[in-house]
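Student: Hi! I'm new to this one and would like a walk through it. Can we go piece by piece?

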Amino acid sequence: MQGLMMQMPLLVSSLLAHADRHHGDAQVVSRRIEGDIHRYTYREAHRRAQQLANALHGLGAKQGDRIGSLAWNGYRHFELFYAASGAGMVMHTVNPRLFPEQIAWIINDAEDAILFIDLTFLPLVEKIAPLLKTVKSVVLLTDRAHMPAATSVPNVLCYEEVLARHDDRFEWPELDENTACGLCYTSGTTGNPKGALFSHRSTVLHAYGIALPDTMCLSATDCVLPVVPMFHANAWGICYAAPLVGCKLVFPGAGLDGKS
């Protein structure tokens, strides 16, 4: 006999949809790579994540594809977390602090289809671009005004332009909760880095766990700044737990030192 109470899968997309519905006015504040401070709400974040999900399909990505990122903690990276995983793709955060050869190896091993990067990492990607075998498009996480005048990387797209071409109406698919939603590679191990796949179920349960009083004790009245990079164990899951409880979220961008 099965209990059918609340018969719904545990999915990453439900966390941001919940934040939109119940904490829609809570703020997400980011220090942008461009140098200014950006503010918006969970409601706006959810809308843009849905827009980005449509954009990913428009770029040819499909369920199961790996979507890579070389990016700091910021609102655009946050949107990508939910758009990729929510649409049934696998969010693959790449650690830019590794050796360039290791980064290229990781991207190839994961078979990333699209790579989203902050402006900071364009010189790195220019260096490794000839080694990347599966990446069809590179998307710069910026607007047209801050796009570089020239780059040796082929098929470079502007994030805000990619978004603008698509509608923000997107129905998150009801996936099997054991579907992979995230991929992180180890560092500092013997041999080549090893990939670890996170499921929607494990990610949602982890978000509940770290919000508990004896862990991070997060609530809607809190303001949390994840200094742990989103490319390091998904910022310890804070990007999932914060929308779950509706707390204000502050992203430091590249300024991870104490003074910043």
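Student: Which are the buried residues of helix H4?
Tutor: In H4, which spans residues 100–110, they are Ile103, Ala104, Ile106, Ile107, Asn108 and Ala110. Buried means under 20% relative accessible area, exposed means over 50%, and partly exposed lies in between, using a 1.4 Å probe on protein chains only. Helices (H or I, at least four residues) and strands (E, at least two) are DSSP runs, numbered from the N terminus.

Student: Before we go on, what sort of model is this?
Tutor: It is a predicted model, where local features need pLDDT of at least 70 and side-chain atom pairs count only at pLDDT 80 or more, while totals for chains, interfaces and linings use all residues. Residues are numbered from 1 along each chain as its sequence is written, and side-chain values use heavy atoms, with hydrogens and water left out.

Student: Back to H4, then. What do its buried residues pack against?
Tutor: They pack against strands S3, S4, S5 and S8, and against helix H5 (122–128). Contact here means heavy atoms within 4.5 Å.

Student: And what comes just after H4?
Tutor: Glu111, which takes a positive phi of about 60 degrees.

Student: You mentioned several strands. In what order do they sit in the sheet?
Tutor: The order is S7-S6-S5-S3-S4-S8-S9, an open sheet of seven strands with mixed pairing. Two strands pair if DSSP finds at least two bridges between them.

Student: Which strands stand at the edges?
Tutor: S7 (156–158) and S9 (195–199) do. Each has a single partner strand, so one side of each is left without a neighbour in the sheet. From one strand to the next, the twist averages 25 degrees.

Student: How do S8 and S9 run?
Tutor: They run antiparallel, with five bridges joining S9 to S8, residues 180–185. Within that pair, Cys184 stands opposite Ala196.

Student: Which strands does helix H3 touch?
Tutor: H3 (residues 75–86) packs on the sheet and touches S3 (66–70), S4 (90–93), S5 (112–117) and S8. Its direction makes about 145 degrees with that of S4. Axes are lines fitted to C-alpha atoms, for helices over the stretch in contact, and angles run from 0 to 180 degrees between N-to-C directions.

Student: What about the sheet of four strands, what is its order?
Tutor: That open sheet goes S2-S1-S11-S10, with mixed pairing. S2 (37–41) and S10 are its edge strands, each pairing on one side only. S1 (residues 27–31) and S11 (residues 248–251) pair in the parallel sense over three bridges, and Ser30 stands opposite Phe251 in S11. Helix H2 (residues 42–58) lies across S1, S2 and S11, at about 90 degrees to S2.

Student: Where is Cys217?
Tutor: Cys217 is in the loop between H7 and S10 (223–224). With a relative accessible area of 44%, Cys217 is partly exposed. Not counting residues up to four places away in sequence, Cys217 touches Ile210, Ala211, Leu212 and Asp222.

Student: Thr142 next: buried or exposed?
Tutor: Buried, at 0% relative accessibility. Thr142 is found in the loop between S6 (137–140) and S7. Leaving aside neighbours within four places in sequence, its contacts include Glu34, Arg76 and Tyr159.

Student: And where is Asn155?
Tutor: Asn155 is in the loop between S6 and S7. At 53% relative accessibility, Asn155 counts as exposed. Asn155 has a positive phi of about 55 degrees, although it is not a glycine.
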